[in-house]
Structure formats: C-alpha cells, structure tokens
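Reader: Hi! Could you walk me through this one in plain words?
Author: Happy to, let's look at it together.

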Amino acid sequence: MNAPVRGTIAVLGATGRMGGATARHLLADGWRVQAITRKPDGPKAPALAAAGAQVVAADMEDKAALARAFEGADGVFNVQNPMKSGIEAELRQGANVAAAAADAGVGHVVYGSAGTGMSGTGVKQWESKLRIKEQMLARGLRLTVLRPMALMELMTDKDFYPALSTWHTMPSLAGVDTRIPWLAADDLGVIAATAFADPQGFVGRDLALASDARSIAELREAYSSAAGRPPRSFAVPVWLFERMAGKDLTAMWRWLRTANLDLDPTLTLSIHPGAMSVERWLQLRFHKGARAA
C-alpha cells in the first residue's frame, strides 16, 4: 500500500549522496519531491524521475531560479558541496537558498551540514556551515540542522579519493587509533525524512549524528572482513595530497587527532533505531556488489 501524500519538499543536491538519500526516503514516506539539480539531463536524474520525483533545473548560484523552484514547497532540504564549488561559492549558495526559502514562505528547512557545531576549529568547510546556519536563522526560517562528522561512503566511494585519504592520509594525520563518529548517507536520509514528518519535534534542533564510532584501524579490519581483502592504499606525501585536494581536509584530520568528540550513538539511534553500524554497512555494500576502492 502506498503512503498517503503529505506535501511537497524541495530537495537540493538531489543527485548527490545526502540529497539523493533524502529524496528517496521522502518519496517512500509519501511526500511529493521537487528534485533540484543543475543537470536535469544528467545520468542520475532519470532514476529520481522514475521513483516519482519531479526533476527541476535550478542552480544554487541563481536565487531567482531557486525562488521559482521553491514555490509551493512545504519544506526544503539544503546541502552544498564545498569540495566541488569552493568555500566562497558555498557561502553564496547558502545565502541564496536562505533568501529564496524565506521569500517563498517555506515552512521548514532541514540543513545537511557537517562538523562540530562550534567555531574555532580552523576547518573552513565547518566554519562556513555555521555562517550558513546563521543566515538561515536571520531570515526567520524554521530550521533543523543535521551534522554527521564522517560519512561511511568515505571508505568506498571513489569521489572521496578513498585510497589516498581514508586509508593513508587521514590516519597519518588524525591517528590510526583515533575514534571518529560515522554515519551512512542513507541513514541521514531517513533522519531528514523523519524531521520533515515531525517539525514540532525537530525545528530548532542542531543534531550531531553518528550511528557508530570507529578508528581507521578498526575500519580496516571491518573492511577486510566484508570484502575478503584489505582496502588498497597508496603512500602519498601530505604536500601532494594538499596539491590535489587542498589543505582544508588535512587541517580537519589534524584537528581530529586531539579533539574531544561526542562518540555516543544514543541520540542518533533514538531517532533512527535501524541506523547501520560500520560492519553492517560494509557487509551490505559488498553484498550488493558495489565496487569499492
């Protein structure tokens, strides 16, 4: 039996990890989804349309296009990718989303953020998200912030340079035994859909999300068990990695080495009891035949 239609949510980054997961779970829960993408003719858009989403062309650099895309929406899922666009573009895009959502009278914005929720870390892509949060609040938007520290997809997805970062550069800077909070993108999508379904329970909340806390050494062991082989890694000097990916990630990993992080998954599991452990996520990933690095 299909879920009853609830309303309309505009999902930014709908062809990406967090936006895509959010769109899928909203559709499954009976929402109408406006899947917003810069490339409606891209390779991932047809699957969204086939699942029932209305694919809408809009660029986050274009506030007028966003305002048109948000017309009639009950909520907006917001996410930007500074690794693709850069920090200054992320800030512009976040400001445009905030203005367009406020002008359209959107009732609830769920923001797929990241980091600690505190300033002063020196990590630019965490600091930028604090500024975007403040821009949204300044516009009077009813806001929920979701903050995963690290996505489990870092272990397998080639877009994240896994052989260079997760399995070599990250542990060399953060420490191979430093425990880090992890969350699967699909589980973030479940939690975002839950927040939209219960605005009274989620508006005004800033949630650090993690379903598991593991060190890189523990991840290697879990990966080897699931894949039948250890993850491939290449020894790349830090200066060379920074030349390819910039210095913000290395600043993040150095910060993590001495950070006092909240590693307790209780809050996340209270919202989404089925959120996956690292072992469960890796087993499912390899069982499905997903290619890993």
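**A chat about the chain**

Author: Let's start with threonine 22, which counts as buried because its relative accessibility is 0%. Buried means under 20% relative accessible area, exposed means over 50%, and partly exposed is in between, with a 1.4 Å probe and protein chains only.

Reader: What kind of model is this?
Author: This is a predicted model, where local features need pLDDT of at least 70 and side-chain atom pairs count only at pLDDT 80 or more, while totals for chains, interfaces and linings use all residues. Residues are numbered from 1 along each chain as its sequence is written, and side-chain values use heavy atoms, with hydrogens and water left out.

Reader: Where does threonine 22 lie?
Author: Threonine 22 is part of helix H1 (residues 17-28). Helices (H or I, at least four residues) and strands (E, at least two) are DSSP runs, numbered from the N terminus.

Reader: And which residues does threonine 22 touch?
Author: Leaving out residues up to four places away in sequence, threonine 22 touches Phe77, Leu188, Gly189 and Ala192. Contact here means heavy atoms within 4.5 Å.

Reader: New topic! Is lysine 129 buried or exposed?
Author: Lysine 129 is buried, because its relative accessible area is 6%. Lysine 129 sits in helix H6 (residues 124-138).

Reader: What does the side chain of lysine 129 join up with?
Author: Its side chain and that of glutamate 90 are joined by a polar contact of 2.8 Å. A polar contact is a pair of N or O atoms within 3.5 Å; within protein, one must be able to donate a hydrogen and the other to accept it, and residues adjacent in sequence count only if both atoms are side-chain atoms. Not counting residues up to four places away in sequence, lysine 129 touches Pro82, Glu90, Tyr111, Ser113 and Ala114.

Reader: Which residues of helix H12 are buried?
Author: In helix H12 (residues 248-258) they are Asp248, Leu249, Thr250, Met252, Trp253 and Leu256. These buried residues pack against several elements, including H6 and helix H11 (238-245).

Reader: Zooming out, how many helices and strands are in the chain?
Author: The chain has 14 helices and 10 strands. Its radius of gyration is 19 Å, close to the 19 Å that the globule rule gives for 293 residues, so the chain is as compact as a globular protein of that length. That radius is taken over C-alpha atoms, and the globule rule is 2.2 Å times the number of residues to the power 0.38.

Reader: What share of the chain is buried?
Author: Buried residues make up 52% of the 293 residues.
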